[in-house]
Amino acid sequence: MILRQFFDAASSTYTYLIASGTGGEALIIDPVKEHCEAYATLLRQLDVRLLHAIDTHTHADHITALGDLRAVTGCLTVMGQHTKADCVSRRIVDGEVLRVGDIALQGVYTPGHTDESFSFVLHPSRPLAVFTGDVLLIRGTGRTDFQGGDPHRSWDSIVNKLFRLPDDTVVYPAHDYRGCTATTIGEEKRFNPRLAGKSEAEYVDIMNGLNLPAPKMMDIAVPANLSCGRG
Ligand code: FE
């Protein structure tokens with residue numbers, strides 16, 4: 001299996017390319033429009049065929065490459081069933097599995113950052129790996145103050161879904177603003193300052209008190225992403 005992490009410096013976004021092996025099939029998670037050519041180049045160099053381009057949720061801080069990748073590679077564009085994007089060719093439901101070669105990626109509905117966010121668990125992988133979008137970040141969690149975000153649902157998704165994965169599960173988030181690249185479920189249970197030792201009520205208070213400015217790209221990115229970045 002091949003797993004590559006790309007970084008978009010403008011939005012601190014991580015993108016993940018997963019392939020069954022050279023000459024096999026691939027999928028990509030949370031691709032950024034500006035880097036479409038770099039993804040296409042690596043796909044060619046690895047000699048892999050892109051089957052699925054997936055967004056964990058409708059991003060507010062960058063424009064997705066889903067539409068461009070579909071135009072270049074003929075891949076399917078994939079999001080969770082609750083997305084409002086009208087350009088998605090496959091909408092997955094909670095628990096549904098996407099397959100590329102011998103790799104299975106299982107969607108888990110994890111609302112909270114937005115009302116349509118999905119996480120994806122990678123099989124087979126030892127230890128397990130999960131791509132959490134913006135729901136669970138490294139020592140942080142995704143804001144819950146727009147796009148149907150809800151701190152109670154964020155807590156429920158993290159504590160009752162993601163934290164039920166084994167402690168050694170590697171967590172790959174959609175962003176990190178300090179340069180960390182991955183974490184584990186066990187680390188976040190113990191060291192995430194918003195979650196460790198906190199009650200749901202305390203978590204909700206923290207999230208409701210963040211007072212973050214709107215993302216710079218929000219007014220452009222959200223409408224563009226509802227048409228897979230090709231509006
Ligand atoms: Fe987000």
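Reply: What follows treats the cysteines, then the metal site, then the nonpolar cores. The model is a predicted one.

A search of the whole structure returns 1 disulfide. The bond joins C87 to C228, with an S to S distance of 2.0 Å. The angle about the S-S bond is 85 degrees, and the link of C87 and C228 is right-handed. C87 is placed in the loop between β5 (76–80) and β6 (90–92), while C228 belongs to the segment after α6 (218–225), so the pair ties together parts that are 141 residues apart in sequence.

C36 is in no disulfide, and its nearest cysteine sulfur, that of C75, is 8.9 Å away. C36 counts as buried at 9% relative accessibility, and C75 counts as buried at 2%.

The iron ion is coordinated by H57 (NE2), H113 (NE2) and D134 (OD), at 2.0 to 2.3 Å. Along the chain these donors follow the spacing H-x55-H-x20-D. H57 lies in the loop between β4 (49–54) and α2 (66–73), and H113 in the loop between β8 (103–109) and β9 (118–123), so this pair ties together parts that are 56 residues apart in sequence. H57 counts as buried at 1% relative accessibility; H113 is buried as well, with a relative accessible area of 6%.

The remaining topic is nonpolar packing. The largest nonpolar core has 24 residues, and those with the most contacts inside it are L17, A26, I28, Y39, L50 and L69. At least two residues of this core come from each of β1 (2–8), β2 (13–19), β3 (25–29), α1 (36–46), β4 and α2. The largest share, 5 residues, is supplied by α1. Leaving aside residues up to four places away in sequence, I28 touches T15, Y16, L17, Y39, L50, H52, A53, I54 and L69. Apart from this core lies another, of 21 residues, including Y14, I18, L98 and V100.

Methods:
Residues numbered from 1 in each chain as written. Predicted model: local features only at pLDDT ≥ 70, side-chain atom pairs only at ≥ 80, totals over all residues. Heavy atoms only, no water. Disulfide = S-S within 2.5 Å. Helix = DSSP H or I, 4+ residues; strand = E, 2+ residues; numbered from the N terminus. Buried < 20%, exposed > 50% of the residue type's maximum accessible area, 1.4 Å probe, protein only. Donors = N, O, S within 2.8 Å, 3.2 Å for Na, K, Ca; no water. Core = buried A, V, L, I, M, F, W, Y, C linked by side-chain atoms within 4.5 Å. Contact = heavy atoms within 4.5 Å.
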